[in-house]
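Dear colleague,

Please find the structure we spoke about below, followed by some notes on what turned up in it.

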Amino acid sequence: MRFAPSVVPSVLSVWLGLGSFLAQNTLGQSCVAVTTYHNDNYRTAQNLFETVLTPANVGSMTRRFATTPVFDGWAVAQPLYLPQLALNGGFHNVVFVATLNNSVYAFDADSGALYWHMVYGPPDTAPFQAVGGCTDNGFNKNPSGGAGIVGTPVIDTSVAPPPIYFVTKELDNINGTLTHQLKLHAVDTSTGNELTAPIVLAGSVINHAGKTITFAPEYQMSRPALLLSNGTIYVGLGSTGCRNYPNYGWVMSYTFSTANGFTQQAVFNTTPDLANPNGKAPYGNGGIWQGGGGLAADASGNVYFETADGNNFFNTSTGWQGTDFGDSIVKLTPSLGAPSSSASYFTPYNDRSLYSQDLDLASTGPVLLPDQPGLYPHILVGYGKAEEIYVVNRDNMGGYTPNGPNNIIQDVPDPTTGLCATSTQFTKCANQKGTCGWNAPVYWNNNLYFSSNPGPLLAYSWTPGSTSLPLAACPTVEAGFSSGNYVSSASPSVSANGTSGGLLWAVTWLNTRMGTLRAFDATNLASQLFQVSVAGVGGYPTPTIANGTVYVATKARLYAFGIKGSSGCKSSAKAAPTAGSRPNREDGVGWSSRGR
């Protein structure tokens with residue numbers, strides 16, 4: 001792989017928080033890459049190397065570009081960014097956008113010019129019809145008529161050229177028969193060409209009754225962002241939007257090499273024992289969707305996720321069997337080994353109430369905190385539609401306590417329905433009505449940030465080392481919020497220069513799905529510093545911040561905002577050097593080249 005001389009590092013990074021490599025170019029500028037959802041495998045969403053955008057100057061941002069032509073399908077995934085990538089005979093900063101038409105666009109990150117656009121198979125429209133099928137975020141209304149690439153891809157900088165991995169949902173004509181398939185692809189980021197034949201997602205498990213549960217792709221979809229951890233690609237799957245069709249939660253893992261292509265490593269099913277013996281509803285469910293949030297991984301490669309409604313008591317007179325994980329937070333080994341004890345899962349004690357009111361945990365994804373001082377060094381924070389926040393010890397997650405209370409570090413109830421003195425009070429969430437927790441929480445500098453539908457954005461302070469109540473009981477609420485300001489929001493992102501200059505970025509929208517990009521002082525959500533319209537948005541428009549520019553992918557275009565004359569990763573390179581090697585962290589915040 002070739003990189004511009006200007007990004008050969010004069011100084012390698014120190015570890016900050018989760019740790020990420022950062023390089024300075026010859027112009028003295030830090031060049032950051034965003035190669036995975038929410039910047040790292042802990043899913044903190046923090047870019048700690050933002051030196052251009054600050055609370056003092058963010059109000060002067062202007063639009064750098066809006067791409068043309070319009071997309072062939074809505075963009076639902078978060079954009080990804082590579083600086084100084086070798087393509088078209090030079091070195092360019094490139095931002096990648098995936099759409100529901102199973103296509104990927106590669107744009108110049110500074111001008112919006114299109115480098116390449118490829119379609120990787122016909123999108124699957126059958127489960128997304130307005131009548132007679134399941135719908136998700138109105139996917140049937142987008143130009144593709146269904147779902148293609150929904151989950152955010154991941155870029156692998158350990159391979160040359162670096163591939164971008166993603167999952168397509170396809171309705172393929174195989175020998176005259178329309179066939180539903182999900183496929184994992186590896187595509188050259190320089191050209192858009194496939195590096196190998198895509199692999200069709202498939203798998204089965206045998207439950208405790210001896211019944212084989214086989215993956216059925218028609219009513220399954222890969223909404224979570226892909227996870228790349230220690231060379232293994234993890235794919236999370238759930239339903240296409242409703243529990244009335246056969247579906248389960250699945251995790252599948254794969255390795256990739258340019259010589260051998262993809263090799264499946266393991267398959268896990270969240271609810272194998274909930275299969276109805278007569279083959280009819282209720283189905284297993286327990287899907288993994290997470291509002292588009294990614295599966296997370298710790299430093300040892302263990303994999304974490306949250307699941308949707310699953311009737312954990314179905315088809316058993318003795319109650320929950322400890323082998324099915326609806327409405328749960330789950331930890332798997334790197335080889336997808338199932339939880340063998342209560343140390344590796346958490347199911348809220350009021351699981352039955354959550355199930356009956358459609359209050360699943362999978363409306364969000366977990367965030368793993370950087371190592372903490374004190375008794376609990378490894379902590380996970382989960383969230384769900386009920387707006388209940390779960391602070392969990394990753395080394396002993398608490399299992400299931402049917403009579404309560406939850407056996408976790410801290411349980412923080414819903415703050416917006418009378419338990420905290422927030423500026424606006426709401427009705428509790430039930431059956432998709434009321435104020436519902438949505439989207440993965442994010443972390444920066446001992447603060448945790450949460451979004452809810454229809455708002456507000458919330459910030460909780462965090463006390464490292466506390467053994468009882470590390471998370472504040474009540475939050476700070478976004479500036480000027482009142483009921484009706486907006487109906488929905490995406491998971492936020494954070495930019496900062498280490499522990500200073502923090503900005504919280506979020507996209508919110510009205511019933512018309514007309515979106516607004518907003519920036520807040522991350523130390524005080526009562527201070528909104530910037531907002532601008534980004535037109536119609538699709539599913540989960542999480543902003544991407546890199547090198548002084550904020551990128552938002554919408555239904556039709558990629559928007560970029562920055563500070564004139566200051567934003568962008570600049571290079572003085574004119575010609576390609578010989579191939580170099582570079583460190584790869586897979587946490588996605590940044591990589592750099594190292595010349596040989």
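Why does R64 count as partly exposed? R64 has a relative accessibility of 27%, and therefore counts as partly exposed, a class that lies between buried (under 20% relative accessible area) and exposed (over 50%), with a 1.4 Å probe and protein chains only.

Please bear in mind that this is a predicted model, in which local features need pLDDT of at least 70 and side-chain atom pairs count only at pLDDT 80 or more, while totals for chains, interfaces and linings use all residues. Residues are numbered from 1 along each chain as its sequence is written, and side-chain values use heavy atoms, with hydrogens and water left out.

The side chain of R64 forms a salt bridge with that of D110 at 3.5 Å, N to O (a salt bridge being a side-chain nitrogen of Lys or Arg within 4 Å of a carboxyl oxygen of Asp or Glu). Because R64 lies in strand β4 and D110 in the loop between β7 and β8, the pair ties together parts that are 46 residues apart in sequence; strands here are DSSP runs (E, at least two residues), numbered from the N terminus.

The whole structure holds eight salt bridges, and another of them joins K183 and E170 at 3.2 Å, N to O. K183 is in strand β11 and E170 in strand β10, 13 residues apart, and both K183 and E170 are buried. E170, D172 and K183 together are linked in a network of salt bridges.

How values were computed: Helix = DSSP H or I, 4+ residues; strand = E, 2+ residues; numbered from the N terminus.
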